[in-house]
Amino acid sequence: MVATFSEMCASDEGVAEVAGALNLANASMTRVVRQAIDLGTWSGVSPTQWLTHQAGITRTRADLIIAVAEKRHLFPTIIGRFDKGELSLEQVAELVKAPPSADAHLEDWALVATPSRIRRSIKMRYGPESGASDDAPADGAAETQPEPSVVDRVTVGITDDHRWQIRGEFDLDTGSMMNALLMHAREELWNRGQREISQADCLREVFERYADGIESPLRRDRSKVWLHLDAASGSSTEASGVRMPDSVRDKVCCDGIIQPVWEHDGVPFNLGRAQHIVPERTRRVVKLRDRGCRVPGCDHDRIIEIHHIIHWIDGGPTDTWNLVALCPKHHRMHHQGRLGITGNADEPTGLVFTDEAGRQLEPCGAPKPPDRLELPANGYRPPPMGQVEWDWLTVSWPDPAPTPTSSSN
């Protein structure tokens with residue numbers, strides 16, 4: 001069905017009408033908030049917390065409203081347009097970052113610019129510290145104003161979609177260093193065969209490298225993620241009480257640490273001994289058997305996680321046939337429903353991998369056995385190290401031969 005021109009015009013007019021009403025409501029909100037701040041009639045620990053609770057909005061949106069409310073008196077022209085419903089809250093929030101003296105000059109342009117365009121233009125014209133006072137010396141005296149103190153900051157939290165979010169900003173020197181590390185992580189991912197690489201992949205690689213290099217057991221424990229798993233319902237929550245998606249729960253339960261807590265009427269009264277879901281001995285056997293990620297085409301062998309083919313939460317046994325070594329990327333893909341894994345991991349070709357469309361990936365070859373030790377040119381042979389046998393894999397080393405001696409003539 002193809003929409004007519006009149007139908008499209010009707011939709012445009014409908015959106016514009018509702019947007020105007022929304023702008024009027026947001027302008028009224030900033031006016032009420034400004035009055036509450038001036039009179040000190042807000043309640044709670046902060047205006048942001050008060051507004052979040054009273055209006056049922058997110059902290060981010062509350063901060064946006066308060067930022068505009070606090071500068072209403074400095075921008076009479078812009079606020080006049082805002083009070084008439086001609087500008088959105090997001091547009092005004094960017095406009096008031098300019099110096100107050102620019103108020104009248106921004107009026108016409110602001111009516112046709114998007115918030116992101118306004119943000120870029122104001123930063124370009126007035127600098128990253130836009131919004132500073134206009135009270136600079138008019139005679140160009142040698143007296144210089146001290147630079148405003150800018151603090152590096154990072155905020156983290158859980159979004160409404162149960163995603164972990166990180167935001168922050170740093171000085172350019174630190175940022176350049178971080179960007180160089182992200183570029184290095186991108187090169188490493190590319191060298192390992194990954195072709196679709198996002199900034200999120202690069203940042204995750206940096207974090208995983210750091211976590212893999214922690215040697216102190218105590219520090220490793222501090223960096224672990226603890227989930228509270230309800231044995232009756234199977235639901236899981238983080239320590240803060242946020243419910244974890246089932247895909248995250250299943251991934252953590254594949255190769256994590258469990259510590260039972262006994263409760264009576266919801267009150268914990270006893271704490272059991274923490275233990276690995278996959279015992280350390282079994283983990284070593286699986287890593288020796290698989291020698292890296294078993295997904296076809298993946299040669300990742302540095303940071304390896306052990307996955308239950310039949311999920312542990314579903315009663316899958318912690319036996320070697322049900323355990324397979326995966327890299328973090330493919331482990332996440334599986335629990336997100338983008339990679340299927342079935343079969344018997346103890347058999348060299350016993351696993352079947354499928355993509356999210358159900359198509360089988362190329363057949364999985366036998367896991368790589370350890371390379372046979374080569375003899376140095378000087379004739380030295382290593383001492384005997386015995387023999388390792390594992391169903392379909394046998395690795396042996398030759399007995400040592402006497403070191404040749406040079407004969408004198």
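Me: How many residues does helix H7 have, and what span does it reach from its first C-alpha to its last?

Reply: Helices (H or I, at least four residues) and strands (E, at least two) are DSSP runs, numbered from the N terminus. The expected span of a helix is 1.5 Å times one less than its number of residues. Helix H7, residues 115-126, has 12 residues and reaches 16 Å, close to the 16 Å expected. Just after H7, Gly127 takes a positive phi of about 90 degrees. This is a predicted model, in which local features need pLDDT of at least 70 and side-chain atom pairs count only at pLDDT 80 or more, while totals for chains, interfaces and linings use all residues. Residues are numbered from 1 along each chain as its sequence is written, and side-chain values use heavy atoms, with hydrogens and water left out.

Me: Where in the chain is confidence lowest, and where is it highest?

Reply: The predictor's confidence in each residue is its pLDDT, from 0 to 100. The chain averages 76, and 71% of the residues score at least 70. Strand E13 (residues 387-390) is lowest at a mean of 43, and strand E11 (residues 339-343) is highest at 93. Over residues 131-149 pLDDT stays under 50. Where pLDDT is low, the predicted coordinates should not be read in detail.

How values were computed:
Contact = heavy atoms within 4.5 Å.
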